[in-house]
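Visitor: I am new to this structure and would like to learn how to read it. Could we take some helix pairs, then a pocket?

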Amino acid sequence: MLDLTINQKGLERAVQRAREKNIIIPTFEQMRNPSLIPEPIRNKLGNLGLWDLDPTNLFRISWKNEPVAQGGGYGGVNYIELPSSLTGVKARIVLMLGKWFPTGAHKVGAAFGCLVPRLVTGQFDPTEQKAVWPSTGNYCRGGAYDSNLLGCESIAILPQGMSKERFDWLAKVAGETIKTPGSESNVKEIFDKCWELRQSGDKLMIFNQFDDMGNYLWHYHVTGHAMAELIAGLCPTPETNFKGVVLSTGSGGTLASGDYLKSLYPTSKIAASEALQCPTLLNNGFGDHRIEGIGDKHIPWVHNAKNTDMVIAIDDEIPMNLIRLFNEEAGKEFLVQQGIDSAVVDGLDQLGISSVANTLAAIKFAKYYELGEEDVVLTMATDSMEMYGSRLTELTEEKGEFSALNAAYAMGRLHTTGIDTMEELSYYGRKRIHNLKYYTWVEQQGKTYEEIQAQWQESSYWSSIPALAPEIDKHINEFNARTGLLAQL
């Protein structure tokens, strides 16, 4: 659970570092509602690029950034709605867009949720300790970015098989990058490296998104709130027309937004998706896959399995075809010829590989429940194609140039997506998934038998985590007051 015990010595050093680096920290409430951000800070953002390494960009950890690369303000929640002519279903498939966060992915927010509670309580000392970010891609990028803005050294850990763009970017921002064996599915190797670092004697703190409840809290409090605002504006009758949220598991943190939505819309459903090549949720399975952005072969500690209604597995070959359809010139021309608005086609580069997989899972969800024209299914474009240009090059080298015939085939795979490789979970189906946590977290990672039982048996376990947000905001406000920087604006 989240520990908010104050360490006075560490806090004094953290405050001094923030004062030296001119760091003001946003509250969770300001991330939900940017209108609460002081006007001088909003004015300063008008001169900054979205990805600039300036601590003021901490205030751009929000779903409501103006969708521009330079000097933007705030607006509504960024999203794209895909037309039925593209998805092949009557239901409205809506994706929130992670592209308009700093680093181009929403994981910068999850990293904030893990780092800042320990920073403003003095548990993490940025003057002495390095921040370690184990990840399969975007989380360690977000962690390195947040660390840079907050004036502390960072170590990014990710599998060596991830896209070239990730490593190129990390080389400029992270203090150190460690490549572990394998690719997307090789999460245990990341955990093994963390144990090695713990035992090294170096001064560091590991912010593990897979078990750090700051990840859960940020998505529940910030992502869930943004989703609820979006639903209220999209659905004729939110209580009946919002059918559910469909999200790939990844670290499990984003699924917390579904918990928030269920508190508002109790009849809505939460569907968790994964790669068919590594069907851990669906079939206790294992394997390798190409859907970058989701990790496998275990159940994340922060995944509230008891609240998950469905699991959906996606064949990774389909999103790999679809990123070509959505981004190659021949593919875009084909889509326009099929009557899809060119503005929609031009916006499809806002969907990275896992975002396309999320879209497929949402389509399967809509088909399974036979949803109609007024029904809304919400999912997420966690990142965009900015991190995957090299994958398009590799696919061209492997399969040849993308043609109109290839485009027709890819579109056919999209429209013939069926209701296979998915399961509506019973009580014991959920418990099966929860029980898989034991082998990773209790046997290998030091969690207790009592806590894994509490996750399943105690109704207050999960609700107690987001309830800490006001207390964390209190610590953030006190931290900012001690630096004295707000008073100087």
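Guide: Start with helix H1, which passes helix H23 in a right-handed crossing. Keep in mind that the model is predicted.

Visitor: Which residues of H1 and H23 make the contact?

Guide: H1 supplies Gln8, Leu11, Glu12, Ala14, Val15, Ala18 and Arg19, while H23 supplies Phe479, Arg482 and Thr483. By class, the contact of H1 with H23 holds five nonpolar, two polar and three charged residues.

Visitor: At what angle do helix H5 and helix H6 pack?

Guide: H5 (residues 107-120) and H6 (residues 138-149) pack at about 60°, with 7 Å between their axes. H5 and H6 are therefore oblique to each other, and H5 passes H6 in a right-handed crossing.

Visitor: Which residues of H5 meet H6?

Guide: On the H5 side they are Lys107, Val108, Ala110, Ala111, Phe112, Cys114 and Leu115. Their partners in H6 are Asn138, Tyr139, Gly142, Gly143, Tyr145, Asp146 and Ser147. Eight residues in the contact of H5 with H6 are nonpolar, four are polar and two are charged.

Visitor: How does H5 pack with helix H9?

Guide: H5 and H9 (residues 213-234) pack at an angle of about 125°, with their axes 7 Å apart. H5 and H9 are therefore oblique to each other, and their crossing is right-handed. Gly109, Ala110, Phe112, Gly113 and Cys114 of H5 make the contact with Gly214, Asn215, Trp218 and His219 of H9. The contact of H5 with H9 has four nonpolar and five polar residues, and no charged ones.

Visitor: Which helix gives the most to the lining of the largest pocket?

Guide: Helix H8 (residues 187-198) does, with four residues. By class, the lining of the largest pocket has nine nonpolar, three polar and seven charged residues.

Notes:
Residues numbered from 1 in each chain as written. Predicted model: local features only at pLDDT ≥ 70, side-chain atom pairs only at ≥ 80, totals over all residues. Heavy atoms only, no water. Axes fitted to C-alpha atoms, helices over the stretch in contact; angles between N-to-C directions. Helix = DSSP H or I, 4+ residues; strand = E, 2+ residues; numbered from the N terminus. Parallel < 35°, antiparallel > 145°, perpendicular 65-115°, else oblique. Left-handed = near helix turned anticlockwise from the far one by under 90°. Contact = heavy atoms within 4.5 Å. Nonpolar A, V, L, I, M, F, W, Y, C, P; charged D, E, K, R; others polar.
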